[in-house]
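Hi! Here is the structure I promised to pass on. Have a look at it first, then read my notes below.

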Amino acid sequence: MTSEADESAKRTPLYDLHVERGGKMVPFAGHALPVQYPLGIVKEHLHCRRAAGLFDVSHMGQVRLSGAGAAAALETLVPVDLLGLADGRQRYACFTNDAGGILDDLMVSRLGEDLLLVVNAACKEQDIAHLKAGLGPSIPLEVLGDRALLALQGPAAAEVLARFAPQVATQPFMAVQRLTIEGADCLVARSGYTGEDGYEISVPEAAAEALARALLEQAEVEPIGLGARDSLRLEAGLCLYGQDIDSETTPVEGSIAWSISKARRDGGARAGGFPGAETILRQLAEGPERRRVGLRPEGRAPVREGAVLQDEAGKAVGKVTSGGFGPSVGGPVAMGSVASGLAAPGTKLNAVVRGKPLPVEVARLPFIEQRYYRG
Amino acid sequence: MSDTRYSEDHEWIRVEGDVATVGITDYAQEQLGDIVFVELPDAGRGLEQGKEAAVIESVKAASEINAPLDGEVTESNGALADEPGLANSDPMGAGWFFKMKIADAGQLDKLMDEAAYKAHVDAQ
């Protein structure tokens, strides 16, 4: 059954293909995207963990910064070592605000002197304005509005993509390279949002549908919608901007302090120098008051975003930031923000669902074994 | 003889004597997607037409199942609680939710027959 998305929603270059494959189209961050295909969310999820899934993530923003000063300039907006980012490598980063909160999370890749950024669709306009204001006119910024983005994820992704471009087989995790695939000038990153090995492929809009069709013709590949994209990233313990992290949450509170490079920390070569540095560096030294943790509900009922978390005495100690059913786990999984004293794995809490306290236990993330390519 | 009626909320109600068996329709399960959890009412619980009787959670979201009639729960489907996917695979059969003793048979007249329900779905 296909329901038409809001007319105002933008169509990606794969819109017709989604409809043809029976995608249930919904408005998402201003775009019409499939929440699921006829296979359904659970089977799509399991297929991606078992073989390979193709995702249309063309709604995400792609931005190119060029010129020799780009890395140094971008370092003023993110707590990440970009001068040390080697050609052909990628890093995860956050734009921070003056209070240390996260304005958006993004991937930064270096190709030659250029930096290529992938930002969240819902934050795209705000990010571009933030970049222009923060980088100044001397750093050329180009929004790559004519490129689509496909993600091919799963244990069979490498074998599948290598049929089109053998060079990807040994491409390291978090590496990027320019490749011609099916005649199209693509930028291929070995990373993703599922916890599985896989690639994100930036492809010119005009060539996107042909590439997607060629990948879907491979026996291992099924198209995967937004529903399974969310359950896959949740099981992998990956943050969704706007839920698990937001402008009120610092990278330390969001348990993504690993993304803050050594060079930008106290004692590093370029310590501080990003918005909110004082707060973030203090939290790194002293620990945050609250932090993101994994949560395993003890029963079978899913515990969803917004549910209040209580300690065993019934006092509110945090809230669920993402939650749902984990098809690979075979039960409910969630993440939440809790007072730091209650963040140790094994801590018993309750999540209030429909007025009733349901027992949950703080759990290590990720819920599944991450299977990134390690060479 | 049993008679199956339908509610606007996409429930089916199969009536045998003064007992109604309640479940969700094929249209409802398709709209909900993969069902991963159900919370069913215990036997003996009084239900009021239009008020929450059960909770159903798909991968995507939680929804309420409202009582289609006034009455008292006589039995809930333990097999469904153990295997919520039955509501997807056999919504009109093994995926039933609960049985209830009908308090006011007159309420049945306001429920739809199969033809009216089909028109209701086509209008969605």
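**Rings that pair up**

Over all chains, the structure holds three aromatic pairs (rings of Phe, Tyr and Trp, its six-membered ring, pair if their centres lie within 6.5 Å; planes under 30 degrees apart are stacked, over 60 edge-to-face, the rest tilted). One of them is stacked: Tyr6(B) and Tyr117(B), at 4.7 Å centre to centre with 10 degrees between the planes. Tyr6(B) is in strand S1 (residues 3–6) of chain B and Tyr117(B) in helix H4 (residues 114–122) of chain B, so the pair ties together parts 111 residues apart in sequence (helices, H or I, of at least four residues and strands, E, of at least two are DSSP runs, numbered from the N terminus). Tyr6(B) counts as buried at 7% relative accessibility, and Tyr117(B) is buried too, at 8% (buried is under 20% relative accessible area, exposed over 50%, partly exposed in between, with a 1.4 Å probe and protein chains only).

Before you go on: this is a predicted model, where local features need pLDDT of at least 70, side-chain atom pairs count only at pLDDT 80 or more, and totals for chains, interfaces and linings use all residues. Residues are numbered from 1 along each chain as its sequence is written, chains are lettered from A and ligands numbered from 1 in the order written, and side-chain values use heavy atoms, without hydrogens and water.

Now chain A. Its mean pLDDT (the predictor's confidence in each residue, from 0 to 100) is 96, and 98% of its residues reach 70 or more. Chain A has eight helices and 20 strands, and 59% of its 375 residues count as buried. Its C-alpha trace spans about 60 × 50 × 45 Å along the principal axes.

Cheers!
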